[in-house]
Amino acid sequence: MPEILLAKSAGYCFGVRRAVDTALELAQKHQGKCSIYTLGPLIHNQRVIEQLKEQGIFPLESAKELDSVSEGIVIIRSHGVSKKVVDLLVQKGIEYVDATCPFVDRIHRIVSDESAKGRSIIVIGDPKHPEVQGICGWSNGPVKVLSDTINAEKFDDFRGCPVTVVAQTTFRQKKFNEVVEILIKKGYDIHVLNTICSATEERQKEAEEIASKVDAMLVVGDVHSSNTQKLFEICNTYCSNTFYVQVPEDLDLNRVRSVRTIGITAGASTPNNIIEEVQNHVRRTDV
Ligand code: SF4
């Protein structure tokens, strides 16, 4: 049986655990007597979403679906939402519980305050990610998203304006530094606030350390989870034998039967029981 090196940082991060616990506590409190919705899937893990449905917690796909909500409670997930969506909830008189991760909430406040002072905002992150869309929605003025160095090289807006730069919490530190470097070289007057979450940084660093010393590396998490995708990218750089595993069965044991060491890490929305199941699956290489 190969030696397994499990990352200490694998699995739920503080913000995701807080959001899941909030939802479960609400379900417990109301015992099915009132509808509970989450604005978007609470976490990127289909199995957990199905378990939440069994507890009476249903995801709304977008803010547009709020039109169909006439009663019940809406949970804002850890990614957060734009100010417009919060205003809409208030305007419609819908009861809501804000489970935005405090680290994301801090970025909302920075963007709101800095833009109110007349500074333009650059968010370094994935423009399609709901966290980034939510962050942009707190700006009182011009805001742009830069996803990589290619975008940064082409970027030519905000010339002569003071600019505040923030990051998507799960962005890769190295890529963030490279984009900032380009903006500085272009002569922008920037105030950089590194808002990458320390949990993400630690998880990525540990994944890199483990991946660089094992024969095979498993990254456990949902294929739609942005932080899991980034973990895969990092691990694959240091270990060419890296596998993306959503459920244990995704891993063909024949691919790892002859290796001596296997590293395991997992994204922030991966529950412990799936990580445990993956470890047990790997132990079957002996059979
Ligand atoms: S990764 Fe960090 S910022 Fe994002 S939800 Fe988790 S703890 Fe919060």
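This is a predicted model: local features need pLDDT of at least 70, side-chain atom pairs count only at pLDDT 80 or more; totals for chains, interfaces and linings use all residues.
Biologist: Let's start with the overall layout. Which domains does the assignment give for the protein chain?

Modeller: There's domain 1 (3-12 + 199-286), domain 2 (14-101) and domain 3 (103-196). Note that domain 1 is written as two segments, 3-12 and 199-286.

Biologist: How should I read the interface between two of them?

Modeller: The size of an interface is often given as the accessible area lost when the parts come together. Here, domain 2 and domain 3 bury about 830 Å² between them, with 66% of it on carbon and sulfur atoms. On the domain 2 side, His79, Lys83 and Cys101 lose the most area to domain 3, and together they make up 51% of what that side buries.

Biologist: How many residues does each domain put into the contact, and how far apart are the two centres?

Modeller: Taken over C-alpha atoms, the centres of domain 2 and domain 3 are 28 Å apart. The contact takes 11 residues from domain 2 and 11 residues from domain 3.

Biologist: What about polar pairs and salt bridges across that interface?

Modeller: For polar contact, the rule finds 5 residue pairs across the interface of domain 2 and domain 3. The salt bridge count between these two domains is 0.

Biologist: On to the inside. Which residues touch the most other members of the largest nonpolar core?

Modeller: That core has 28 residues, and the ones touching the most other members are Met217, Leu218, Phe243, Leu251, Val256, Ile262 and Val278. Elements giving two or more residues to it are α8 (198-211), β10 (216-220), α9 (226-238), β11 (242-245), β12 (261-266) and α10 (272-283). Strand β10 supplies the largest share, 5 residues.

Biologist: Could you take one member and show me its surroundings?

Modeller: Take Phe243. Setting aside neighbours within four places in sequence, Phe243 is in contact with Ala216, Met217, Leu218, Val219, Phe232, Leu251, Arg255 and Val256. Apart from this core lies another one, of 23 residues, including Leu39, Val69, Val86 and Ile107.

Biologist: How do I read salt bridges, and how many does the structure hold?

Modeller: Side chains of opposite charge can pair when their charged atoms come close. This structure holds 11 salt bridges. In one of them, the side chains of Arg47 and Glu277 meet at 2.9 Å, N to O. That pair links distant parts of the chain, with Arg47 in helix α2 (residues 46-54) and Glu277 in helix α10, 230 residues apart. Arg47 is partly exposed at 28% relative accessible area, and Glu277 is partly exposed at 30%.

Biologist: What would a pair within one helix look like?

Modeller: Look at Glu178 and Lys174, whose side chains meet in a salt bridge at 3.3 Å, N to O. They are 4 residues apart in helix α7 (residues 173-185), so about one helical turn separates them. Glu178 is partly exposed, at 32%, while Lys174 counts as exposed at 56%. There's also a network: salt bridges with shared partners join Glu114, Lys117 and Arg119.

Definitions and conventions:
Residues are numbered from 1 along each chain as its sequence is written. Side-chain values use heavy atoms; hydrogens and water are left out. A nonpolar core is a set of buried Ala, Val, Leu, Ile, Met, Phe, Trp, Tyr and Cys residues joined through side-chain atoms within 4.5 Å. Buried means under 20% relative accessible area, exposed over 50%, partly exposed in between (1.4 Å probe, protein chains only). Contact means heavy atoms within 4.5 Å. Domain bounds come from an automatic or database domain assignment. Buried area is the accessible area (1.4 Å probe) that two parts lose on being put together, summed over both. A salt bridge is a side-chain nitrogen of Lys or Arg within 4 Å of a carboxyl oxygen of Asp or Glu. A polar contact is a pair of N or O atoms within 3.5 Å; within protein, one must be able to donate a hydrogen and the other to accept it, and residues adjacent in sequence count only if both atoms are side-chain atoms.
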